[in-house]
Amino acid sequence: MSITTIKLTVNEQDHEVTGEAGRSLVDVLRSDLGLPGSREGCGIGICGACTVLVDGRPMSGCLLLAEQAVGKQLTTVEGLPLADSLHRVQQAFIDHRAFQCAYCTPGFILGTVALLDQNPSPTDAEIVEALSASLCRCGSYRNILGAVQSLRSS
Amino acid sequence: MAVGRSVPMLDSDDRVRGSVPYVANMQVPGMLHGCVLRSTLANGRITRLDASAAESMAGVAAVVTASDFDVPGGPVSLMAAMIKDQEVLARDRVRYIGQPIALVAAETAAIATAALDRISVQYEQLPAVYDLMEAARDGAPLVHESGDSNVFLHGKLRHGDLDAAFSASDVVIEETFHSPIAQQTSLEPHVSLAQWNGGKLTVWTSSQGPYGVRGALAGIFAMDEPDIRVVVPPVGGGYGGKSGTRTEHFSSLLSWKAGGRPVKVLLSREEEFVTVTKHAATITVKTGVNRDGAMQARHVTAYWGAGAVSENTAALARGAMVRLVGPYRIPAVNVDSYAVYTNLPSSGAYRGAMSSQATWAYESHTDSLAKAIGMDPLEFRRRNLLHTGDEFATGETLHGIHFVECLESVVRGLEWDRPIEQPGGALKRGRGLAVMMKSTSPITKSECRLAVDSQGILTLFTSTVEMGQGTHTALAQVTAEAMGVPLEQVRVVGPDTEITPYDANTNASRSTNMMGTAVQQAAEALKHTIVEAAAPLLDLPLDQLTIGGGRVSTLGPAPRQLTYEEIVVGSDVDAFEAAGEHSTSARLDPETGQGIGSPHYHQGAGACEVEVDTETGKVRVLRYAAASFAGRLINPELARLQNDGNVVYGMGPAMLEEMVFDAGQVVNRNLSDYMIPSFKDIPDLLTSETISEEEGEFHGIGEMTLPPVAPAIANAIYDATGVRIRDLPITAERVLRGLSQ
């Protein structure tokens, strides 16, 4: 197995990663950079637990090779909070009890951040469309919808 | 009051920051990655197994095969269970595709996976049987030759004179319903990390049953249980699927073989589908009813597919007897519950275990009965639902029964009396109802310890597993209320078998009731200890003291007070501590099923309005109303979220979920082909109510609104189109086939 060194920019910090080539981005984030917020749930880009913002767009970290993320601005859930407070999407998820086991939660939160960046006042249908890229097996969808609705600019 | 308040989960901050310490996240220095070689044959003899090429690969630290077992000083291959039919690793026989044969631990996951390919296995194929009903027939290929049939359990319930009651009934209807194999699909897969240190073993695992895992490992390694420590950090979803020993033995065996190095075993999504599944069930319900609407007689015959190993199925299929009857007054009831081996992966609890399959059958059937006597299904249920004081089919007199309130709640929630607005054309709308009755674990125990320290902090030591249901938050609320302190003063520790006492599995919606009651016991004992300690400090006898609001006060005018903190410090101890315990021992006669079926019964209902596209068969659930009986509510918002979550989860087995097999091989073993409900698959409008009782006991609510989902939808489809669906899931194809007949 060949060993490579790549440079990744994650949450506005530059990292140099040396390891086996051809690993998924989510694996490198978790194993090498100590960022467990992105999770592999299915490994084929369906469940959304591995969501990473790549230049602001939500992508499946299990389908991207780490090498493909070189030169991109990567954001994980760990990069969202401000110095001493949670990001407003994170706070809304707490206020609306929008999670249970929370394995999927960072994916939903990042999906919401990206949605509101592009579309500050999405309709319910637009919220459902955007967030159907993630799966919540505990079934917290109604509260997730409530959390995102509360963040719409009027 | 801490109880009754909708506080967010205690670790909400971690949950939105992505910093919950799931086992899947764990990495420790020197950690090896373990993986599993699995059978590619559904039934056969292993004629040759050669792992030498894997063992000699660079980066491979350990390979474990059956040859490591049952040798002096080695582990024991047969796993403990009611029926000992499961080897940790196959020795000379495989019985399902996916059965573990060998284990590898390596420096990286990639090396471990590559090493699996270097293990050579040769088989001699044997005839296999996959279909549950075929397997139950005489002459079917035997999954285990030790018996003379694949049916390994026949549970019987006998109540009243069934033949006479059928003869006296005006109408008798018999229908058969089927539920397919499904998968629990927790997003955090099964995962564990094990490490030996001398003769002691520590395992971190994503499990619903730390003490069950400890017991299983003690059996495999022939060790004393206290020499094994099982730690369970928050779990990324369980739904029953994490109730058994699933990976813990693999990581422990690999660490043992690798000289104690830590080994993590994290299953892939594909492996999840061969690790544990929902029981397939074929259930025939025959009921006699009079024209005035009174049910007279019922005979339920249920076949449960166990897969190739029985694990807990014998107990579940026996326990299912009281879940198969339904929440109705029926003077004569017989139940026959059969557990059957097939050459498929093993089955275990799937949220609403056995109840979902049972409710699918008896609640679809309820509408058929109502139709047969020309009665409105709502009125028919109102006339027959069980009440407190009624005799159940077990012969027990029921207490705490709220089926009518559950039913009336969903009738209100759905606005049942409002006329249906038919959109016209190919779209047809209809409404359906379902009510469910479920037992909890009949014989079970929960223990806890509660301590107060010199800062006045209360620490609850509990082995109840936090898997997203919010149980640690609820137990902290119970602690805070019982001790009269703010919630912020309470900590919850565990599960960690080295420091937290015994609890049975966190399943069967038992924790809030069982552990909640144990916590109340511990709090009473701790308060007694605190008052005793305060007496010398206040220089008064016990009967001159009172405890409340987090302090001990003297009676009489000008009372003096001491806080817990002051009493601990004044007594010159580190902390005071007390234990709590709650146990139940419901029991049924094994021959007749008569006795007590459950310490109390779980109760829920659902009502919905659906729209069927009669051109495509597609069904949309427009509105759904759910209700469950919650006893005394601890956290209303989190309770409602359980109700919601059950409906959403229930949409899966109702409309989407079926594991499809081809000659024993799972065809749809990932989420691209095995659909679980997404944001787009839930009812357009969902309302739910938790029916509570201020002075009542705590009830579990982890499953109650799930089993009604499928029959409520099927009944609504029948109402809309006259098509009766009897096989799950309710796919567009099935509906269309029904429409064309």
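**View 1. Helix α7 of chain B, residues 248-257, in a predicted model.** 10 of the 10 residues of this helix are buried, so the rest of the structure largely encloses it. A residue counts as buried if 20 or more other C-beta atoms, placed from the backbone, lie within 10 Å of its own. Among the buried residues of α7(B) are E248(B), H249(B), F250(B), W256(B) and K257(B). Just after α7(B), G259(B) has a positive phi of about 70 degrees. Helices (H or I, at least four residues) and strands (E, at least two) are DSSP runs, numbered from the N terminus. Residues are numbered from 1 along each chain as its sequence is written, and chains are lettered from A in the order in which they are written. In this predicted model, local features need pLDDT of at least 70 and side-chain atom pairs count only at pLDDT 80 or more, while totals for chains, interfaces and linings use all residues.

**View 2. The surroundings of I713(B) in the largest nonpolar core.** A nonpolar core is a set of buried Ala, Val, Leu, Ile, Met, Phe, Trp, Tyr and Cys residues joined through C-beta atoms within 7 Å. Of the 275 residues in this core, V104(B), V410(B), V519(B), I713(B) and I717(B) touch the most other members. Neighbours within four places in sequence left aside, I713(B) is in contact (C-beta atoms, placed from the backbone, within 7 Å) with G432(B), C608(B), V610(B), V619(B), V621(B), A654(B) and I730(B).

**View 3. Domain 1 and domain 3 of chain B.** Domain 1 covers 12-126 + 184-272 and domain 3 covers 443-585; these bounds come from an automatic or database domain assignment. Taken over C-alpha atoms, their centres are 37 Å apart. Their contact takes 16 residues from domain 1 and 14 residues from domain 3. On the domain 1 side, α6(B) gives the most, with 4 residues.

**View 4. The contact between chain A and chain B.** Chain A contributes 41 residues and chain B 42 residues. On the chain A side, α2 (88-95), α3 (105-118), α4 (124-131) and α5 (141-149) each supply at least two residues.

**View 5. An open sheet of 5 strands in chain A.** The strand order is β2-β1-β5-β3-β4, with mixed pairing; two strands pair if DSSP finds at least two bridges between them. β2 (13-20) and β4 (57-60) stand at the edges with a single partner strand each, so one side of each has no neighbour in the sheet. Strand β1 (residues 3-10) runs antiparallel to β2(A), joined by 8 bridges. I3(A) has E20(A) in β2(A) as its bridge partner.

Key:
Contact = placed C-beta atoms within 7 Å. Buried ≥ 20, exposed ≤ 12 C-beta atoms within 10 Å, placed from the backbone.
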